[in-house]
Amino acid sequence: MHEDEAALIADAKRGDRTALSLLLQRHYTFLVKYLIKATMQPTLAEDLAQETMLKAMEKIKLYNGQSRFSSWLITIGTRLYIDSLRKKKREIRWQEQEQSLRKLKWQAAYGGAEWSDVLDALGGLSEELRLPIVLKHYYGYAYEEIAGMLDIPEGTVKSRVHNGIKSLRKELSPHD
Amino acid sequence: MTDRRSTDPHREIRDIAEEEVRPEPADAGDAAEEAETVRLLRGALDRLDTLAPVFEPELHRLEARLEEHAAFLRRRLIRDLALFLTVASIVLSGLAAVILKVPAVFLLLQAAALAAAPVFIIGFYRKKVNSR
């Protein structure tokens with residue numbers, strides 16, 4: 001951990017609000033980018049990031065430095081996302097996901113950027129498959145760490161990553 | 001991709017992960033296909049970063065938001081404590097009145113609670129077993 005960051009964390013744990021704000025500001029972009037990948041919904045990702053900041057303030061005294069501060073924030077954000085999913089009906093969740101993907105596609109077309117079929121396939125996966133895939137194959141976390149983040153057994157993470165990649169391969173296969 | 005990696009605090013972890021997806025000789029064809037899917041996935045997620053730009057909040061705004069939330073938490077704590085103390089004092093004064101004025105009712109309530117406890121416990125475990 002960076003010395004400067006360690007000092008900020010220590011100050012934040014002592015109740016220094018400016019140190020905490022600085023710490024959260026430094027990790028904000030990273031957190032939102034992660035949440036966009038996890039949710040595939042930029043608006044929801046921004047909302048979850050705001051909630052994560054507030055939750056981090058409430059729980060900062062419990063941060064024990066065993067994981068990186070960014071990983072700790074990711075864990076809080078992921079759990080808030082999972083909680084928000086539990087509160088919504090499956091149909092509403094699906095509609096929101098579809099709307100968001102359409103909006104992203106439109107943004108890509110408007111900005112002259114190329115849209116990837118992989119994003120469509122990833123957006124079509126259930127959250128329980130998408131989250132471990134993003135954490136494992138994009139952020140490079142170990143299965144054990146992901147299990148801790150998602151609060152599920154390590155074996156479940158392995159099978160979800162495996163099944164998720166299999167589904168993606170099937171979706172992207174030219175024979176289908 | 002270059003942008004993200006240069007500012008990504010997970011850079012080292014990510015590099016290890018890249019090594020992990022190399023094809024295994026045992027099932028080389030399958031593993032190669034999987035590695036290709038992962039490569040495409042990373043590329044697509046990198047592209048997603050450019051599609052949805054993120055704006056870092058200003059420090060003073062963030063600080064004000066945290067301050068506001070801290071005030072909300074303080075207010076909620078005071079409200080919860082007040083509610084707890086009110087309910088506790090009502091229950092305790094009611095109990096004291098019953099014990100002092102009509103002890104028979106108090107003893108009856110104690111006996112009823114003692115008898116109801118095993119019924120509730122058995123019912124709770126039965127429900128748990130059924131739901132599995």
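**Exercise 1. The cover of a helix**

Task: State what covers the buried residues of α3(A).

Solution: The cover includes α2 (17-39), α4 (69-87) and α5 (90-110) of chain A, together with α4 of chain B. Contact here means heavy atoms within 4.5 Å. Helices are DSSP runs of H or I with at least four residues, strands are runs of E with at least two, and both are numbered from the N terminus. The model is predicted: local features need pLDDT of at least 70, side-chain atom pairs count only at pLDDT 80 or more, and totals for chains, interfaces and linings use all residues. Residues are numbered from 1 along each chain as its sequence is written, chains are lettered from A and ligands numbered from 1 in the order in which they are written, and side-chain values use heavy atoms, with hydrogens and water left out.

Next, the covered residues: P42(A), L44(A), A45(A), L48(A), A49(A), T52(A), M53(A), L54(A), A56(A) and M57(A) are the buried residues of α3(A). Buried means under 20% relative accessible area, exposed over 50%, and partly exposed in between (1.4 Å probe, protein chains only).

Last, the helix itself: α3 of chain A spans residues 42-59, which is 18 residues. From first to last C-alpha the helix reaches 25 Å, close to the 26 Å expected at 1.5 Å a residue; the expected span is 1.5 Å times one less than the number of residues.

**Exercise 2. The interface**

Task: Describe the contact between chain B and chain A by residues, area and salt bridges.

Solution: Chain A contributes 46 residues and chain B 41. The two chains bury about 4,200 Å² between them, with 66% of that on carbon and sulfur atoms. Buried area is the accessible area (1.4 Å probe) that two parts lose on being put together, summed over both. Three salt bridges cross this interface, a salt bridge being a side-chain nitrogen of Lys or Arg within 4 Å of a carboxyl oxygen of Asp or Glu.

One of these pairs is E67(B) with R17(A), whose closest N and O atoms are 3.4 Å apart. E67(B) is in helix α4 of chain B and R17(A) in helix α2 of chain A, so the pair joins two chains. E67(B) is partly exposed at 38% relative accessibility, and R17(A) is partly exposed at 23%.

A further pair runs from D49(B), in helix α3 (residues 28-51) of chain B, to K37(A), in helix α2 of chain A. Their N to O distance is 2.8 Å. D49(B) counts as buried at 12%, and K37(A) is buried at 1%.
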